[in-house]
Amino acid sequence: PSEPQAAPVAIAAGVVFPLTGRLHLTATKNGAPAEDYRAAQAAGQETGWKSLTALSDSQVLAVTSDNRLVRVEYRASLRPQLAEISVTQSMHTIDVAPTAANGMLLAATADGKLVLMQSSSLEVLAEAELGGVPARSPFVSGDHVFVDVGRRELRTYVIENGLTPSGVWPLEGQTLV
């Protein structure tokens with residue numbers, strides 16, 4: 001058995017693990033095994049996974065090693081399986097897991113941007129400059145987003161007609177808990 005390539009996530013049917021070239025769902029609630037999602041492979045290469053984010057009780061967003069955003073959904077009908085919904089090439093490099101909240105997806109990118117997307121379509125709704133590389137995934141509380149930028153500052157944004165900057169606080173090497 002292969003080792004998970006990123007942290008697994010839980011959905012209503014079980015836990016999804018990112019294994020080399022596939023996404024694997026643990027046994028479903030009724031004990032029936034689910035068919036794995038197998039990523040399309042380039043000649044001689046296997047897809048690697050950077051992160052997984054649960055979008056809902058049945059959907060997961062996987063970020064691949066080549067920055068594709070793959071949405072899969074657990075489907076129990078006919079045969080239990082993880083089925084592909086969409087594959088979208090990201091315009092940015094995403095190294096930390098995106099955060100899903102309130103029907104939105106927030107991705108802090110390696111080129112120093114915070115990207116707000118509609119989680120159901122991955123349509124980009126807004127972008128904001130972070131002024132550095134994110135150290136961790138964004139945190140969301142209500143309509144506020146918190147981003148640890150390089151462990152040197154905490155930037156906050158309000159999700160209101162896009163991403164409105166609302167504050168910057170020095171972290172002095174500390175991290176958020």
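Is Glu73 buried or exposed at 18% relative accessibility? Glu73 counts as buried (under 20% relative accessible area; exposed is over 50%, partly exposed in between; 1.4 Å probe, protein chains only).

Before the tour, some ground rules. This is a predicted model, where local features need pLDDT of at least 70, side-chain atom pairs count only at pLDDT 80 or more, and totals for chains, interfaces and linings use all residues. Residues are numbered from 1 along each chain as its sequence is written, and side-chain values use heavy atoms, with hydrogens and water left out.

Stop 1: Arg75 is partly exposed, at 33% relative accessibility.

**Stop 2: Lys113 and Glu129.** Select both. The closest N and O atoms of this salt bridge are 2.4 Å apart. Lys113 sits in strand E11 (residues 113–118) and Glu129 in strand E12 (residues 124–129), so the pair links distant parts of the chain, 16 residues apart (strands, E, are DSSP runs of at least two residues, numbered from the N terminus). Lys113 is buried, with a relative accessible area of 17%.

**Stop 3: Asp95 and Lys50.** Here a salt bridge spans 3.0 Å, N to O. Asp95 lies in the loop between strands E8 (81–89) and E9 (99–101), and Lys50 in strand E5 (residues 49–54), so the pair ties together parts 45 residues apart in sequence. Lys50 is partly exposed, at 25%.

**Stop 4: the network.** Select Arg152, Glu153 and Arg155. Salt bridges link them in a network. Across the whole structure, a search finds eight salt bridges.

Note on methods. Salt bridge = Lys/Arg side-chain N within 4 Å of Asp/Glu carboxyl O. Helix = DSSP H or I, 4+ residues; strand = E, 2+ residues; numbered from the N terminus.
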